Amino acid sequence: MASVIEADRVLSVHELVEAAASRAEYAAWRFDSVRTFGDEAWCTLPTTENGALRPGIRSTCAANVGDIVYFSSGTTGAQKSMFFSTRDVERVSALCARFASFEGIGPRDRVMVLLPMTLWGVGRFTSRGHLAAGAQVCPVDLHGGVAMWQQLASAIVPTVISSTPSVLETWAREYRGPTVRVLETTGEVLDRKTRETIETAFGGGVRDAYGLSECVVGVECSAEAGFHYWPDTVGVEVIDTCSDHPVEAGAIGEIVVTSFLQERMPVVRYRTGDLGWLTDDRCRCGSSLPRLLLSGRCSETYRLPRGVSVMPHQLAQSLVVFGCADVTLRLGPDMHVAPFVGPRQATIEIVIDEHGEKSAALAALFSSHPELAELVHENQLAVQIETRSS
Amino acid sequence: MARLQSDHRFEFSVPRGCTWDDIPLTEALPNLDGQPGRSAIRSYFTSGSTGSVKRIDYSNADWRDVVAHRADCLAALGVVAEDIVAVLLPFGPWFSGDNVTDALLLLGATVVPGGVYAPHLPAVAQTLVNLGATAVVTTPSIALQFARLDPRARLRRLVLVGERVSPPIRRAIFDAYQVPPRSIFAASEAIIGYEDVSAPGAFVVDPNRIFVEVLRRDGTVAPVGTGELVVSRRYGEATPLVRYRLGDWVEVSRGVRPLLRFLGRIGRGVSLATGVKLSRAQLDQWLDDLALPIGDILIAVDHGLDGRDRVTIVLETDSTFTSCAQIAAGFSQLNPEVRDAFACGYVEMEVMLTPFKRLAKRRLRLLERPWHL
């Protein structure tokens, strides 16, 4: 894998800072004194949040510098776009190739990538990463459900399936086929019971990965003791949610990430909304790569199937013109723990002003949150909008 | 010929000393099982005539070639690096979405991979307005559906693939977007050519990439004339295409470059909104598999101006053996591409069972409106 990484050299702190300094969202940041990631000047920089990122001006002198645009709902409720240059895609894919090699995936493997192939980058990055690792790759979107996945798996005979925990758990109940050596998961909290269900049905080991639409971070090893990450590709910090200062080594705080792979839309000190801690202790797997361990979320988050996470205030913000007063998630009878799977096990109830039109509110919600439209279409979620006198 | 003769996958069909004309035509893709990859490969699928899927492999070199081929077609239709382009086509496991996306990136364009999943389209429409999108690559049906969404981007270019663009559809799309649509003629197996801007309906073929022939009604194969399209691709080591019958009825002429006109599908099949084509043979196979006594059967596909399809099946059979719901479920799962079109939200279906009026052989009638293949 060394050749893949060398060919797609990561950005230095200097290069990243230079790219960020020209962007409006970082205009007021004082990058001058920053020398290395995590130095004193670095730690005094502000943090960014979802919705704050903006694309920069494209270089017009470079040849073949196409951009690809993915979707992000944003914390403001308004739609946001994530821009990746062709070079950025190559770099992020090279990191995914490291993940694959770390999991022992190589030229003998056939990988069925069962992830969204449109709107969000995870499917493309994962597919290209496995290709870079030398595997044969079959990109498969989530449409069609279990019957479709089963039919394609029969044709592919995968040795690796890459998807979300809830998708694999749903499929596990009906999976028919040979042993799948590695089950890669991402996008959702993976609990012990779900891991066991997947491993029992498919026969292989589950390897979970952690990342966001904005920044791919790390991957688990066989010891299942946190996410290993490569400090040359991603900078990970843990900060106190009140003071924004770094916490003591090993203490829990909010995870803040910096990507050294994305130049088109730099991601610097980005608040993930996840709580966790870091350790440099040598892992039982023998790797000396640092690890990130998660412990929860900073604010209330609805974790839904297919890796969909939404915060109630995001939904309320997207409906603010309708006088949105309340957003509530009502769980189905068996929904005490995440991930939530199965038909219509959850209902999001939204209350808007009596003058608001329900259908228009629903259209606005789906326009800013296509992931919810998808879950409703697939009968995995219901959305009820009620009106209330102001 | 030399490369074919050294490739053991063709050792039976291309013996030493044979000429091009000795190579038999084929409807089957080479058997790829057990083939060692010359470099990492990606696999896509297309539906076979039996309802099972056919795998189409691309090595890294193949993929670069097929992306460059598509990029040249898009460039010939006016797409430039400054364009912001939405790709509203099926992505993996189908070929076109990924291929068009990579081709646009190669041209230096900004690409929004929107897909064809109906629940996502309102968000895609909003994104295009926010970004100031200038072009869309999609199928005619989805172009019509997308035109109904509010808000709508102001486009400069509209590139269509996947379905025949008949004059009425061309006019309807022009009325909706005020942009003359241009087409690329392609299949999952091969990219054929791009529409000649000065001759709508005619496709320019790059003879350095694709060699086209026609299988005429009299059974002869010729480089020009009217007949079934036979293609040989001059690149592609993972899934070689040599004298491959695509199932399209075309007219080929040769001036400075080969020029091709699409006249219809062989077997008078029907097509669905996402570009899925169903041949008569596939439908006959499905009816065989139902294992029911069947008299007259009508399968009608109405392409609505909202971009959605309404499939109506009127089946003359004994209703004690089946139900409307069973027939509908069976049709919607006829093959993975049809299943995907249903799952994406583009097809509505109605099934009616009628008693036998008379005992006779099975008679299948296909109806496609408003444009007939």
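**Cavities and cores**

Guide: About 120 Å³ of space lies in the largest cavity. This is a predicted model, where local features need pLDDT of at least 70, side-chain atom pairs count only at pLDDT 80 or more, and totals for chains, interfaces and linings use all residues. Residues are numbered from 1 along each chain as its sequence is written, chains are lettered from A and ligands numbered from 1 in the order written, and side-chain values use heavy atoms, without hydrogens and water.

Visitor: How many cavities of 30 Å³ or more are there?

Guide: Here a cavity is a set of points, on a 1 Å grid over the protein atoms alone, where a 1.4 Å probe fits but cannot get out; lining residues have an atom within 4 Å of a point. Grid points are joined across faces, edges and corners, and the volume is the space filled by probe spheres set on the points. By this rule the count is 6.

Visitor: Which element gives the most to the lining of the largest cavity?

Guide: Both chains take part: the lining includes A:Arg124, A:Arg128, B:Arg42 and B:Asp98. At least two residues each come from α5 (122-132) and β4 (136-140) of chain A and from β1 (41-47) and α3 (96-107) of chain B; helices (H or I, at least four residues) and strands (E, at least two) are DSSP runs, numbered from the N terminus. With 4 residues, the element that gives the most is α5(A).

Visitor: How many nonpolar residues are in the lining of the second largest cavity?

Guide: That cavity has a volume of about 80 Å³. Of its 14 lining residues, those closest to the centre include A:Asp141, A:His143 and B:Phe91. Ala, Val, Leu, Ile, Met, Phe, Trp, Tyr, Cys and Pro count as nonpolar, Asp, Glu, Lys and Arg as charged, and the others, Gly among them, as polar. The lining divides into 2 charged, 5 polar and, for the class you asked about, 7 nonpolar.

Visitor: Which residues touch the most other members of the largest nonpolar core?

Guide: A nonpolar core is a set of buried Ala, Val, Leu, Ile, Met, Phe, Trp, Tyr and Cys residues joined through side-chain atoms within 4.5 Å, and buried means under 20% relative accessible area (1.4 Å probe, protein chains only). Beyond four places in sequence, B:Leu104 is in contact (heavy atoms within 4.5 Å) with residues including B:Leu74, B:Val87 and B:Val137. Of the 154 core residues, those touching the most other members are B:Leu104, B:Leu260 and B:Ile313.

Definitions and conventions:
Buried < 20%, exposed > 50% of the residue type's maximum accessible area, 1.4 Å probe, protein only. 1 Å grid on protein atoms, 1.4 Å probe; cavity = no way out; pocket = protein on both sides within 12 Å on 5 of 7 lines; lining within 4 Å.
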